[in-house]
Amino acid sequence: SGFHHVDKGVFQPRLIHVKGKRNPRFSECSSIAWEEMNKGDCFILDLGQVIFPWFGAQCNNTEKMKTSEHCRKLRDERGGKSNIVFVDDGLEDKMDKESLQMFEKHLPLKDRNALKGAAEGGQDEVSERQMAASIKLFSCREEDGTLRIQEVKPGPLSRKDLLSDDSFIIDNHPSGAWLWIGRKASHKEKKEAMRNAVGFLKKKGYPSDTKVTRVVEGAEPTDFKCLFRDWPQPPPPGRVYTRSRIAKTVQTKFDAATLHSNASLAAETQMVDDGSGKVEIWRVENFQLVPLENIHYGEFYGGDCYVILYTYSVHGRDQFIIYYWLGSKSTQDEQGTAALMTVKKDDELGGAPVQVRVVQYKEPPHFMSMFGGKMVIFEGGKAGWASKGEKDSGPGDKYMLQVRGTSALNCKAVQVPLRASSLNSNDVFVIFTKTAVYSWAGKGCTGDEREMAKNIAARSPRQLTNVFEGQEKADFWNVLGGKEEYASDKMLQEDGSHPPRLFQLSNATGNINVEEIHDFVQADLIEDDIMILDAWECVYIWQGKGSNKTEREQSQKCAIEYLKTDPSGRDPDTPIYSLKQGMEPPSFTGFFGVWDRDLWSKGMTFEELKKQIGEGNMPIAQVKENVTNGTQDFNEVTKFSLEELQVAVEELPSGVDPSAREIHLREDEFQRIFNMSYQAFNKLPQWKQKQLKKSNKLF
C-alpha cells in the first residue's frame, strides 16, 4: 500500500505540478519522472531538505511567482531547514555539481527527452476549472455508534465546509486523498478515521498505492490549504468593496464567549476572543529576539520583524497563539529568524501554540484586536534595510497616518507620505506636527471611523483639530505642502447599490474569455492580462505590462459589449477609460483600498524574488549530508517487531506510516532482515527499496 500519514515517518520525495493563470493549482504527480512534466507549467521536486522549483520554458509569470512563494512556505514549515534550488527548463546542467547529483537521482537528464510540450500540458484556464470540479468532500461522522461516510459536495471547496465536530475525506483522485481530523471529533472518529479512509478508497476501486495524507485541524500544511478556494488568509488592509454590501453599524462590543459555543461564528470571524488576553512582543535584532517595551506595544515598523505571544483562557486552560509579523522592507535574514524563533517558542510551550505568519498590511482581525484600536504601522525601522544613519528611524516630528476600521477590534493606522495626494475621500487621516494634530475626514468615511481616528490622535498630547473634506483652511494645506489631486471619485463617497466589479480578460485559449473576480484587491490585477473595472459611472480598462496585442485591441470592444448587454440598462455611452499598469490615477486606485505603489514599480520581480529566497539557503555540502543521512528519522520513530508490521493496513499500530513500515524496525532487526543498515538502504534507488520491502512483506 502507498497510504501514508503527513506527520510520521521518513520524508518521501515527491513531484508537485503547478498549473493555472489566476489561481494556480498544486497537485502531486503519481510518480517522479520527466514524462509527468511539460514545458508550459511549473513543477516542484521536493526532497525534504532540498526543494527544486522547475520552471517550464512557456509557463506564465503567475505560476512562477506562486511556485516560488509555495517553496518558501514549505521551507518556513520546516523551520527554515530546507534549501531551495531554482531550475530553468533546459538549463538543468547549469546547477552546481552537488545539486545536480541530487536532482538527477530522481530526474536523470538522459531521460529528459520524455518531457512534454506546452500544448500537451493543456490550457491553464481549462485545467483550473476541471481540477476545482473534480475534487470532492466526504464527511466521516459517528451516528448511533456507527461511523458513516457521506458525500458533502463536489468542488470548489471552502474552508467553511470543514467542521470541527467531524472528520472529512478530501478525494483529489488521481492525486491522492486527504484525511482531515476536526479538533472536536469524537474519540472513535479520530481512532477509526484512517481505517475508514482506507476502506473508502478501496470501495472507490482506486489503486492500492493511492496516497492518503492525515492532517489535524490547526496544523494543516500548505499543500492541503491549496485545495480550498478561500482558505483564510490575512485580509487586505481597510475596507474592500464587495458585491454584497454590509450595513455600517457602530461596533462597541464583541461577545467573545459565544465563539467557543458557536464554531461556525468563530470560523466566520476568525476570532478566538476579543483580544483582551496577555500580549508579549519581541523584535528581531541581530538574529535574536529583543523584548519590546510595553509603551511601544501596537507600534510596528516596515523594516522590522516581530514575534508576538498571545495567551488567553478557555474553560480555565491557557491557550496560545504565536504571531510572527514580517515587515515589507525587512530582510530575508530577519524573516527567517522570526520563523525560527516562533518554532523555538512553540517548542518551549510543548507544541501547544497555534503559529500564524502575518505579512505587513495583511493582518487578520484578531491580530488587530490585541491592540485595542491603536495599532500603527510606521515606515522605517530598527532593522537592517535602512541605510546607515537611518537605523532606529522613527516617524519623525511630522507624519500622516491613514486610519481604517470601525471599532477597536479591526482598526489600524498606516503611515503614508505627508502630502495631499495621499488623501482619500473614503477614509480618515491623522496628521501629527510639532505644534498641532489634525484629523481629516473624507466625505465617504463613517462616524465610527472618525471615533477610531480620535483614539489614534490621542498619541499626542496636543489638542486635536477636526477638518472635514471641502472645509479645509489654508494652514491645513500648508502642512501637507499644498493642494494636490487625490482619490475623491464620487463613487467612493456613495453607499449605493452599484458596488464596483472587476473582470479578467484573456485570450490564452485562442478566444477572448472574461471572468469576474470577487472580493478584489490590488493583487488581483494580473500583469499578463487586461482587467476591466466597472465603477458604474465609468468603466476602466487596465492593461497589464504582460498583456498581448490581441487582448489590448479587443478590450475596448469587450467593454462596449459589456455595457450594451448589461441587464440593468446601462447607458452605452458610459465613459471608458484605458490606463496602463503603473500609471493608475487616484480615481482608479481608490477602489482597491490601500494602494501600494511599490507592488509593481519597485516591488520584486521574479528574478529578485529568486535572489531573496536563495539567500536563506544553507551550504549545499551540509544539505547533501543531511539528505543522505536518515539516522535521525530512523532513531526517532516508534519501534515495532517484524510481525506487528507485516499486517494489513487497517491493523497497523497507531502512528505507523504504511508506506514506510521499515523505518519502525529496530536497528538490529533491520540489519538482519535487509543485510544492510538503514542508511545504506536509504541510498538505494526507489525501485530497489520497494522490491526489498515487498520480498519481506513490508509493502
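# Close-up views of a predicted model

Figure 1. Glutamine 543 has lysine 580 in β28 as its bridge partner. The structure is a predicted model, in which local features need pLDDT of at least 70 and side-chain atom pairs count only at pLDDT 80 or more, whereas totals for chains, interfaces and linings use all residues. Residues are numbered from 1 along each chain as its sequence is written, and side-chain values use heavy atoms, with hydrogens and water left out. Helices (H or I, at least four residues) and strands (E, at least two) are DSSP runs, numbered from the N terminus; two strands pair if DSSP finds at least two bridges between them. β27 (residues 539-543) runs parallel to β28 (residues 576-580), with five bridges joining them. Five bridges also connect β27 to β26 (residues 530-534), and here the strands run antiparallel. Methionine 531 lies opposite tryptophan 542 of β27. Four residues separate β26 and β27 in a hairpin, and in the turn tryptophan 536 has a positive phi of about 70°. Five of the five residues of β27 are buried (under 20% relative accessible area, with exposed over 50% and partly exposed in between; 1.4 Å probe, protein chains only). In a regular strand, side chains alternate between the two faces of the sheet. In β27, Val539, Ile541 and Gln543 are buried on one side, and Tyr540 and Trp542 are buried on the other.

Figure 2. The open sheet has the strand order β13-β12-β15-β16-β17 and mixed pairing. Its edge strands, β13 (288-291) and β17 (354-359), each pair on one side only. On average, neighbouring strands are turned by 30° against each other, direction ignored; axes are lines fitted to C-alpha atoms, for helices over the stretch in contact, and angles run from 0 to 180 degrees between N-to-C directions. β12 (residues 278-285) and β13 run antiparallel and are joined by four bridges, and valine 284 has leucine 289 in β13 as its bridge partner. Helix α7 lies across β12, β13, β15 (305-314), β16 (317-326) and β17, at about 170° to β16.

**Figure 3. Surroundings of threonine 337.** Threonine 337 belongs to helix α7 (residues 332-348) and counts as buried because its relative accessibility is 6%. Beyond residues up to four places away in sequence, threonine 337 touches Val284, Phe287 and Gln288 (contact: heavy atoms within 4.5 Å). A polar atom of the threonine 337 side chain lies 2.8 Å from the backbone oxygen of aspartate 333. The C-alpha atoms of threonine 337 and tyrosine 324 are 10.0 Å apart, with the two residues 13 apart in sequence.

**Figure 4. An aromatic cluster that includes tyrosine 323 and phenylalanine 367.** Phe300, Tyr306, Tyr323, Trp325, Phe367 and Phe371 form one cluster. Rings of Phe, Tyr and Trp (its six-membered ring) pair if their centres lie within 6.5 Å; planes under 30 degrees apart count as stacked, over 60 as edge-to-face and the rest as tilted. The structure holds 28 aromatic pairs. Tyrosine 323 is buried at 3% relative accessibility, and phenylalanine 367 is buried at 0%.

Figure 5. Five bridges join β22 to β23, and the two run parallel; alanine 441 has phenylalanine 468 in β23 as its bridge partner. In α9 (residues 447-457), the buried residues are Asp448, Glu449, Met452, Ala453, Ile456 and Ala457. Their cover includes β18 (375-378), β19 (399-404), β20 (412-416), β21 (428-432), β22 (437-441) and β23 (464-468).

Conventions
A polar contact is a pair of N or O atoms within 3.5 Å; within protein, one must be able to donate a hydrogen and the other to accept it, and residues adjacent in sequence count only if both atoms are side-chain atoms.
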